[in-house]
Amino acid sequence: MARAFLIVMDSVGIGGAPDADRFFNGTTPDTGANTLGHIAEACAAGRAEQGRLGPLRLPHLDALGFGAAVQLASGLAPPGLGAAPKGLWGAATEVSKGKDTPSGHWELAGVPVPWDWHYFPDLTNSFPPEVVAAIKAAAGTEGILGNCHASGTQIIEDLGAEHLRTGWPICYTSVDSVLQIAAHEEAFGLDRLLRLCQDIAPLLHGMRVGRVIARPFLGTPGHFARTPNRRDFAIAPPAPTLLDWAAEAGRMTHAIGKIGDIFSHRGVGALHKGKGDADLAAHLIRLAEEAEEGSLTFANFVEFDSLYGHRRDVSGYARALEWFDGQAGEFLARLRPGDLAIFTADHGNDPTWTGGDHTRERVPVLGAMPGASPRALGQCAFVDVAATVAAHLGLPERGPGRDLLATESGSTP
């Protein structure tokens, strides 16, 4: 029985989104942003030399059609990524009105977001009084710290000492539909932080805020560091997703990384977490050997986005891509006849762009099927990814998308 692996390279966009002019970093529209293309250009020009050298090297993913997908999406021929595709390759366009994690993942899993997300646009005093009151009541504190837009690493440096002194949680947001709460794992307590976020999540979800995120950290002033015990309390998808379709058909489902949190653990049979993307890659490679016949493995690799995209670190992003390409090669070598593996992304986060927010872009759809002939999938929709995986697994429910392998090529949405 066929197996399927759906692998999200968080934020590895390829430019060309037709509605990029309606999404912004500050006052600058995302028109022209191209995460992979601009990283490749920077590498070729010698502008990404910290910890690496020369043109971007992604031999395994480029052999599937990575460079060709960039050119299809945006017209840019990325330097160093010119291999003739040997896999399945295309470019997908999103319709949901957000360039965030839940929107991208839900739509890739067959469910576009049917509502407008609620955001907190004010840079200071960001949260309304009823939200602040709910946090204080759930935390058992007289106040909160932060209440602003902030970088998650910077705010714990700025307010960590005051947090230790007062015991008040550090609350912050961004341009995404999110409320994040940071607290010291030992002084405040990890279980207490998770319970706080869980208790206030229903209020935020009722406002159509996508996620409440627990951000635990450890250390002392000047030496604070976030721990891997992050937990996302995400609003549930509004309809059954690819994970639900597989679970309801009696198939085993494996969620690697934060997939469980993104989908409110719906349709998840086994959860595989780790301290970072290296641990998650080990899970993926292991599951290529061990995953059951007929199973679905859904993975998210977040560090492209969290460590390098938001921080506009071009060299770091390039290093992460090259490391991941090596892991992808190890994984691909273990696929069996009948397997389908799709590498894709949920949005962009161009590290050469202004600001620090995600960028609205098309995403790659790179497929591997042992023994299959090379095939251009063309321009497609995010929901077509779910439909293609569902059809490959023989699931009765395929949502609104179409099976890309049942047509000659994709069409431009």
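Two strands count as paired here if DSSP finds at least two bridges between them. With that in hand, and bearing in mind that this is a predicted model, select Trp89, which stands opposite Ala376 in β16.

Now widen the selection to the two strands around that residue pair: β4, residues 88-93, runs with β16 in the parallel sense, and the pairing extends over six bridges. Colouring the whole sheet next, you will find an open arrangement of eight strands with mixed pairing, in the order β12-β11-β13-β1-β14-β15-β4-β16. Because β12 (270-272) and β16 (375-381) each have a single partner strand, they stand at the edges, and one side of each is left without a neighbour in the sheet. From one strand to the next, the twist averages 15°.

Select helix α3, residues 66-74, which packs on the sheet and touches β1 (4-9), β4, β15 (363-368) and β16, with its direction making about 35° with that of β4. Then turn to helix α10, residues 277-290, which also packs on the sheet, where it touches β1, β11 (253-256), β12 and β13 (296-301), its direction making about 160° with that of β13.

For the last stop, show helix α5 (residues 129-139) together with helix α7 (residues 185-206), whose axes come within 9 Å and cross at roughly 145°, in a crossing that is right-handed. Displaying side chains brings up the residues that make the contact, among them Val131, Ala134 and Ile135 of α5, and Phe188, Leu196 and Ile200 of α7. Sorted by class, the contact of α5 with α7 has ten nonpolar and three charged residues, with no polar ones; Glu130 of α5 and Arg192 and Asp199 of α7 are among the contacting residues.

Notes: Residues are numbered from 1 along each chain as its sequence is written. This is a predicted model: local features need pLDDT of at least 70, side-chain atom pairs count only at pLDDT 80 or more; totals for chains, interfaces and linings use all residues. Side-chain values use heavy atoms; hydrogens and water are left out. Helices (H or I, at least four residues) and strands (E, at least two) are DSSP runs, numbered from the N terminus. Axes are lines fitted to C-alpha atoms, for helices over the stretch in contact, and angles run from 0 to 180 degrees between N-to-C directions. Contact means heavy atoms within 4.5 Å. A crossing is left-handed if the near helix is turned anticlockwise from the far one by less than a right angle, and right-handed if clockwise. Ala, Val, Leu, Ile, Met, Phe, Trp, Tyr, Cys and Pro count as nonpolar, Asp, Glu, Lys and Arg as charged, and the others, Gly among them, as polar.
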